[in-house]
Amino acid sequence: MRLEVTLSGEFYKICAQHVTKGQAERLRQAYDKQWRQILGRVAVGPGHKEALSDVAAKTGQVPQVEYQRSGVLLSSPTLSLHILVNGKETVAEALDQELHPVAPARIMEKYAVDDVLGVSALTGGGYLHCVFPSITDFDGSRLKLVCDDLQKLMNRKDGFELVHTMTYDSLAPEKVECVPASSLEHAKQVYHAKRD
C-alpha cells in the first residue's frame, strides 16, 4: 500500500547562526544599519548565495549555522491534513507527535561572552508532503508528526512546534517535500546573547 500525507498551513524556513562579538562588529562596520537585514539574507534569503559571498568578502568570514529547518507550524490556524492510501482519501482520528526541544542555552554552551545566536525566518503558506511507498496496512494511530519545539528559540510565549517530517510505524518516509506555496516574508528576527 502507498501512503501519502500532506500537512498544509503556515510554513516557516528558519536558520539560527552563531555570530561572534567580532563578527557583529565587522558586520556593523560593513553594512551599518543594514547588518541585521544582511544577516537574515545570509540565513534564509532571498539572495542567499550573493549575500553569503558579499559578507565573506567584506568581513572575512560568515556566521556558522547552528540550526536550520523548514516545516509547517502545528498551531497554524489554517492547518489541514490530507491522507491518501493507494490514491483514496482517508482520515486519521488522532495524530501522535514526537517533539524535539531546541534550546538556545544548549546551543550556546561553548559561546564566548557577548556572542550571539541570531535567528532569522521566512514565513508564508506552504505544505509538508511525505510518501511511504510500501506500508502493509493503514492505521492512523501509527502515523506520527515529528516536530521541533522552537518556543524558546523563537522567543514565543505560546507554543511553536514546527512539523518537519512524519513517521509511520516508526519508519521514515521515502520522500519528504517541504514547499512554500506562496511568496515568503521575513519574520521578526530573534537574538540570544551569551552572558556570564
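This is a predicted model: local features need pLDDT of at least 70, side-chain atom pairs count only at pLDDT 80 or more; totals for chains, interfaces and linings use all residues.
Residues are numbered from 1 along each chain as its sequence is written, and side-chain values use heavy atoms, with hydrogens and water left out. Helices (H or I, at least four residues) and strands (E, at least two) are DSSP runs, numbered from the N terminus. Buried means under 20% relative accessible area, exposed over 50%, and partly exposed in between, with a 1.4 Å probe and protein chains only.

- Helix α1 spans residues 21-31 and has Q23, A24, L27 and Y31 buried. Looking down the axis of α1, these buried residues fall within an arc of 100°, so they line one face of the helix (the arc is that of the directions from the helix axis to the C-beta atoms).
- That buried set in α1 packs against β1 (3-19), α2 and α3 (48-59), where contact means heavy atoms within 4.5 Å.
- Helix α2 (residues 35-44) is largely enclosed by the rest of the structure, because seven of its ten residues are buried. The buried ones are W35, I38, L39, G40, V42, A43 and V44.

**Strands β6 and β11**

- β6 (residues 116-132) runs antiparallel to β11, with four bridges between them; two strands pair if DSSP finds at least two bridges.
- β11 (residues 190-193) has V190 and H192 on its covered face, while Y191 and A193 are on the uncovered one.

**Salt bridges**

- The whole structure has eight salt bridges, each being a side-chain nitrogen of Lys or Arg within 4 Å of a carboxyl oxygen of Asp or Glu.
- K144 and D96 meet at 3.9 Å, N to O. K144 is in strand β7 (residues 143-149) and D96 in strand β5 (residues 96-101), so this pair ties together parts 48 residues apart in sequence. K144 is partly exposed at 26%, and D96 is partly exposed at 41%.
- D54 bridges to K58, with the closest N and O atoms 3.5 Å apart. The two are four residues apart in helix α3, about one helical turn.
- E4 pairs with R2 at 3.2 Å between the closest N and O atoms, and R2 is partly exposed at 38% relative accessibility.
- K21, D114 and R195 are linked in a salt-bridge network.

**Rings and charges**

- There are four aromatic pairs. Rings of Phe, Tyr and Trp (its six-membered ring) pair if their centres lie within 6.5 Å; planes under 30 degrees apart count as stacked, over 60 as edge-to-face and the rest as tilted.
- Y12 and F160 are edge-to-face, at 5.0 Å centre to centre and 75° between the planes. Y12 lies in strand β1 and F160 in the loop between β7 and β8 (161-168), so the pair ties together parts 148 residues apart in sequence. Y12 is buried at 4%, and F160 is buried at 0%.
- F132, F138 and Y168 form one aromatic cluster.
- The charged end of R28 sits over the ring of W35, 5.3 Å from its centre, and that of R36 sits over the ring of Y191 at 5.6 Å. The criterion is NZ of Lys or CZ of Arg within 6 Å of the ring centre and within 35 degrees of the ring normal.
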